[in-house]
Amino acid sequence: MTAEPVHEVVLTVNGVARAARVPARRLLSDLLRHDLRLTGTHVGCEHGVCGACTVLVDGEPVRSCLTFAVMVDGAEVTTVEGLAGPDGELSPVQQAFRECHGLQCGFCTPGFLLLTRDLLARRPDPSDGEIAEALGGNLCRCTGYVNIVRSVRRAAELAGEGP
Amino acid sequence: MRLSTSFPVTAPPAVLTALADPAQVAAALPGCRSVEAGANGRLVVVLDLSVASVSGLWSGTVTPVDADTVCIAGSGAPGNVDLTARADGDRTRLTVEGEVSGPLATAGTAVLTAAVRRLADTLLANLAAGSAPSASPHSTARPDAAPDAGAAIRQRGPAGAVAAAAVVAGAVVVVRWRRRRSAR
Amino acid sequence: MTTQWFGERVERREDERLVRGAGRFLDDAGHDALAAAFVRSPHAHARMTGIDVSDALDVDGLVAVYTWDDLPGRLADPLPLLIPHPDLTHPRTQYALARGEVNHVGEAVAMVVAVDRYVAEDAADRIVVDYEPLPAVVGLDAARAGDRLVHEDVPGNVAAVTTQQLGDAASAIAVAPHVLELDLAMERSLSSPLEGRGVHARWDDEDGRLRLRTSTQTSTGVRAAVANILGLPDVAVDVITPDVGGGFGTKVVHPYPEEVLVPWAARLLGREVKWVEDRYEHFVSATHERGQQHHVRVGFDGDGTILGLEVDFWHDTGAYAPYGIVLPIITATQLPGPYRHRNYRVTFTSLYTNTVTVTPYRGAGRPQGCFVMERTMDRIASALGLGRDEVRARNLIGPDEFPYDFHMTFQDGRPLIYDSGDYPGLLDRVRELVGWDDFAAEQAAALAAGRRLGIGLACYVEGTGVGPYEGAHVHVETNGRVMVATGLTSQGQGHETVFAQIVADELGVDPGDVYVTTGDTRRFPYAVGTYASRAAVMSGNAVALAARAVRAKAVRIAAEALEAAPDDLEIAGGVVHVRGTPTRGIPLSQVAVLSNPLRYSFSKEAQAAGVFASPSDPDVAPVPDDDEPGLEARDYYSPVRSTFASGMHAAVVEVDPELGTVAIRRYAVVHDCGPLINPMIVEGQIHGGVAQGVAGALLERMAYDEEGNLANASFMDFLMPYLSEVPTPEIAHSETPSPLNPLGIKGAGEAGVIPVSACLAAAIEDAVGVRMDRMPISPPELWVALAAREAAG
């Protein structure tokens, strides 16, 4: 069996142009984590159910463990590393999760942070139903979700107060 | 590590004839650089070895012990080999036992065992392909490439498919039949 | 002390990195390491007759394939039995790689190492293992039948039989006015942390050292196991626990096969090797828990007072028993709950099955014990026509009855003696919180509107903070940073925060100046691990003791420098000063400089410290016999026995009889873990525990078929709850200090999960009148039960 053919992928990750040569079967999650060394995106199930690996591709939440790296050629990807402000200040979503104890082990957290960011971009003041709808497809084993929901509400408040 | 394996081999008359010719053997032995006859039936083999991710130049000797058994000893970047090989069951089986150390030994018993067998099969199949029109499924050498089958295999052979121990086991087959032939 | 951090809702130190994606989990490093993948058994029970890796040879990037034949020395022996017990007459543990026989689907058969995981799996897929299937023993019924054996040399599949007793239960029941018998069961589940297991090893040939990172709950345990099995000196093995994405019990097993195989391969190959468990592997090779069947006989009098209780139960230990019989011992000893028992006998049989090995999962035998005791209480109430709260109240141990001695032996081998609590107070509070007294009217009104509401209640006592010890090292550096190390590990409990709070109070510094390291054997080599709700109690007290020793030393040094009496000094804001005279003080950073007679002027603190240098006595050595350089101390906390937390849950559910679904309308938790170090974190623990409890009651089970295949080994089919399935509990705290430790605290990690199945079973039963004798209950099961009752008229 000879070495697999590789394909060049050029994309923008957190505003920075990146390129990598990857086999066609390489997952976006592996591209981000192991080729680009952006390990904030976590992989919890490798079959698209837990949502820990969620990133934004051209603004839409995507499960990076179900996406081939070659599929995001030319795309704009946002990972958890891209959430903080230009000077490293925590975004309202990150601040809110910390304030409300919206994470324990922190493994599922990047997925929830990106879903929340996406939700608040669409719905700055989401209802409980909208929060449940937006976050209802990601798994957390630590928090029982109680403080995750509180964090989303608080993030909406903080974002509303923001500049 | 200890290696111990026994497996069936097939050597039709045409292959037996080919085994008499060190040049043909050298050409058919994957990765082989040279096979030279030494004193008292001893063979000196030099080859580029590649087993899993272990590869490098290896040289060794094949020394007859009795009509059915040879000792194989050698070393090189891939590691050290100290094996005995025995032809069993009226040439229908080859049994290889002994010690392998160095990088080769890190690939695991199952890998070395499979590689030994793969090599013996490949050698015999290449010889068959070189001496008869029908190529074995294992062979990557075309009949018309027989004069430089070894070179062809070096260039195109399956990566990671050849073990030092296996090379030596293949050589055992050679020696075994050479000795039988000279005894006649 | 001007500020009290203990008891405050301090935001977590951990979160700064975790919300940035800057945590360091196992798979976040070692990008260039070789990758391991495992060939695992597809059979529950089979003999292995051969393995052929020929096809794998063609995979470009293959490095090695290992089977049991390759394992040297002790690595070829069965893995250790962690906790032997005299009654464990037939202990069996697995080989690191199966030797000739496999005993559950998922057992590791061969280890493949390759340049990356993709290639390793390609090669693993091409390996052919020949099996001769053997009859599989799946589930407790099959194990109890004993006609098929998991291990040929274990008759009846019985690993252990144990009895413990208090008084004479049989005689008490014989003369009791009322006697009931019940059969109660609970099914299997698993911890299922979002991050699976993982191991990353690097052998440094020049130093002769092994560095092992593993996603474990006990780094010191892994270190001892690996050093012993690989024949290395303990001091040549460093085990580092990175950020761990949840554990919930399953990661306390040590060593897992991968934890010894990966470092062995790394050393053999002279290359870094990493293995990261995938989700399927987690389902079939990380340990499970909970499967038990129980038979209860209880004798009681007319007012519901229990006179005698006999429980026989059967515990499914899976294919092996590395953890001994700790789990059934916990069930046996925690089953009595908060109730007064005079006559109690419990006998359990631990049985092998051809399924994944069983070791503790959050709650660890307690959910089953609680289910048995609480269902029994409900049945007594029902038999006598009394209130369920009333029957419980009659049996509760009173606040003045502590210490309450059961004259039994707890999981840690120490006496089962409850240290403190206020159980009647908890009952009053939970009734109030859930609206118990007004519920009958609510239920009737709902029924009139066609809605089936029910209420349930369940009480538990949880032994926490089991020994034997934990230790801590506290070091004030000359830059003023307080470096704290404790050996046990963290999986999201916020240890960096709560231990910093404790140290901040003891040393009079800001928690922001306290840096806590857990689970790194380089920093603290003696530890037990994080399980049994013990971290806060054990390491919390250890860091307090070590910080107190540092404080005493700081005060002594500062007293000399300030020419003041030690008793007149206090520490606040990181400055040791004369009480009432804040200007007459010396910062801890400078005290740290003074603590070391070697004072190179590396820092401005060292330069400034010269000001306070006291004239040296020519007859006293720079470091006197009873002193050590450095402002640091190490201390250990070792309790005489466990401390017992307690709590009660109550729930209101609504059952839809058409669908068999259960909706939780209210969920109330009262909880007593002594003084709370950080209420925000304790509540988070309760939220998560309740969620796992609800999951275990209504959703999660291991769907083994008769052949021992796990039919739901993915998140597609194993119903881990999402946000929509979990209630928001109302929580009230009670704080009864423990007399057993300096901080008076009790453990809180597992509490949330313990009574949920019992509580929801009671509420469902109350709603629809169908007996709930086994959990979990799925909508189809409930629907069938309701239909059966209807058919029976």
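The following legends describe close-up views of a predicted model.

Local features in this predicted model need pLDDT of at least 70, and side-chain atom pairs count only at pLDDT 80 or more, whereas totals for chains, interfaces and linings use all residues. Residues are numbered from 1 along each chain as its sequence is written, chains are lettered from A and ligands numbered from 1 in the order in which they are written, and side-chain values use heavy atoms, with hydrogens and water left out.

**View 1. The contact between chain C and chain A.** Chain C contributes 60 residues and chain A contributes 52 residues, where contact means heavy atoms within 4.5 Å. The size of an interface is often given as the accessible area lost when the parts come together. Here the two chains bury about 4700 Å², 57% of it on carbon and sulfur atoms; buried area is the accessible area (1.4 Å probe) lost on being put together, summed over both parts. Within chain C, the residues that lose the most area to chain A are C:Val19, C:Tyr118 and C:Leu723, together 17% of what that side buries.

**View 2. Salt bridges between chain C and chain A.** Seven salt bridges are counted between these chains, each being a side-chain nitrogen of Lys or Arg within 4 Å of a carboxyl oxygen of Asp or Glu. One of them joins A:Arg98 to C:Glu16, with the closest N and O atoms 2.9 Å apart. On the side of chain C that touches chain A, the elements giving two or more residues are helix H1 (15-18), helix H2 (117-125) and helix H17 (679-699). Helices (H or I, at least four residues) and strands (E, at least two) are DSSP runs, numbered from the N terminus. H17(C) gives the most to this side, with nine residues.

**View 3. The aromatic pair of C:Phe38 and C:Trp275.** The two rings are edge-to-face, 5.7 Å centre to centre, with 85° between the planes. Rings of Phe, Tyr and Trp (its six-membered ring) pair if their centres lie within 6.5 Å; planes under 30 degrees apart count as stacked, over 60 as edge-to-face and the rest as tilted. C:Phe38 lies in strand S1 (residues 34-40) and C:Trp275 in strand S13 (residues 273-276) of chain C, so the pair ties together parts 237 residues apart in sequence. Both residues are buried (buried means under 20% relative accessible area, exposed over 50%, partly exposed in between; 1.4 Å probe, protein chains only).

**View 4. An aromatic cluster in chain C.** One cluster is formed by C:Phe402, C:Tyr404, C:Phe406, C:Phe410, C:Tyr418, C:Tyr423 and C:Phe644.
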